[in-house]
Amino acid sequence: MHPPPGCPGDQAGNPSYILHTSAAPRAESWELGTGDMNKIFPQVEANGKAAARTNVLPGEEGCGPFCCSRRGTCLSASLLLLLATLAALIALIAIFGSPPRTSAAQACVTVTNRTGFLCRDRRSCISASGVCDGVRTCPHGEDEDEDLCRDVPKSLPQFLVAHCGDPASWIYSDQRCDGTNNCGDCSDELIPVTVCPPCGPGWWRCTSTVFKYCGCIPRSLCRDRVQHCSDWSDEYSCPGP
């Protein structure tokens, strides 16, 4: 077999070329080296068909399905996907801004059996009225966080807020049913707005004449020769402290 015309030779002028074919099982492949000719028989698969040989360009040996250049510079599809995802995330943050931080505030019960605010250490429980009062009470100061106190009471968790008879007025939830007129109209102590339990052991039940109290007065005010109940029961019926 003569070499095809136009094929390059070696430095000695001998033809050097590779002819590959896989047309049929009987097809043969001739390789001419420098000055000699070797007959190479085609590889045959188990089914009798000739296996085709694939030309591999220099620099592409060992490349996977995502090779990019003859110089061996390959970039995997996973890296491309990662870069595309990162770019999309940056674009979303630039358009919509970073996601808002959600409050992790949780309710708890204080030692005085009142509604409280559980601090981040999951051990400290402070009173509800101690949140956003300008004093950092929790060990890490989260009771005064900007996100929590930026628009009181709207920014406060619902368990910290109690509403008065006047919709525009509110108090902290631990100030409800504490015997004190915190709303100013006693709606935090009396029905129909608030249903409180009976006066505790240290209180005397009566209609108070003092603005500070509503349906109960402290027993420490009994028998002091000053009227605190509208029916004077604090001076005649209350047994005192």
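Start by selecting Asp174 and whatever surrounds it: apart from its neighbours within four places in sequence, Asp174 is in contact with Arg114, Thr115, Ser127, Ala128 and Ser129. Keep in mind as you click around that this is a predicted model. To find the spot on the chain, look in the loop between strand 8 (170–172) and strand 9 (203–205), where Asp174 sits.

**Next: the salt bridge**

Now pick Asp145 and Arg120. The structure has one salt bridge by count, and these two make it, with 3.3 Å between the closest N and O atoms. Asp145 comes from the loop between strand 6 (125–127) and helix 2 (146–149), and Arg120 from the loop between strand 5 (115–118) and strand 6, so to speak a link between distant parts of the chain, 25 residues apart.

**Then: the rings**

Three aromatic pairs turn up across the whole structure. Select Trp170 and Tyr172: their ring centres are 5.1 Å apart and the planes meet at 70°, which makes the pair edge-to-face. Trp170 is partly exposed at 26%, while Tyr172 is buried, with 11% relative accessibility.

For another of the pairs, jump to Trp232 and Tyr236. This one is tilted, with 55° between the planes and 6.5 Å from centre to centre. Trp232 is partly exposed at 38%, and Tyr236 is exposed at 64%.

**Now show the cysteines**

How many disulfides does the model contain? The count is nine.

- Cys108 and Cys125: the sulfurs are 1.9 Å apart. The torsion about the S-S bond is about 95°, so this disulfide is right-handed. Cys108 belongs to strand 4 (residues 106–109) and Cys125 to strand 6, so the bond ties together parts 17 residues apart in sequence. Cys108 is buried at 14%, whereas Cys125 is partly exposed at 28%.
- Cys177 and Cys196: the S to S distance is 1.9 Å, and with -80° about the bond the link is left-handed. Both Cys177 and Cys196 are in the loop between strand 8 and strand 9, 19 residues apart. Cys177 is partly exposed at 23%, and so is Cys196 at 24%.
- Cys222 and Cys238: here the sulfurs sit 2.0 Å apart, and 85° about the S-S bond makes the link right-handed. Cys222 is in the loop between strand 10 (216–218) and helix 3 (233–236), and Cys238 is in the segment after helix 3, so the pair joins parts 16 residues apart in sequence. Buried or exposed? Cys222 is buried at 4%, and Cys238 is buried at 0%.

**Last stop: the annotated region**

Finally, select residues 197–236. UniProt lists this stretch as "domain: LDLRAD1-like C-terminal", in an unreviewed entry. Colour by secondary structure and you'll see 10% helix and 15% strand over residues 197–236, with the end C-alpha atoms 24 Å apart.

Key
Residues numbered from 1 in each chain as written. Predicted model: local features only at pLDDT ≥ 70, side-chain atom pairs only at ≥ 80, totals over all residues. Heavy atoms only, no water. UniProt positions renumbered as here; feature names shortened; annotations may be inferred. Helix = DSSP H or I, 4+ residues; strand = E, 2+ residues; numbered from the N terminus. Phe/Tyr/Trp six-rings, centres within 6.5 Å; stacked < 30°, edge-to-face > 60°. Buried < 20%, exposed > 50% of the residue type's maximum accessible area, 1.4 Å probe, protein only. Contact = heavy atoms within 4.5 Å. Salt bridge = Lys/Arg side-chain N within 4 Å of Asp/Glu carboxyl O. Disulfide = S-S within 2.5 Å.
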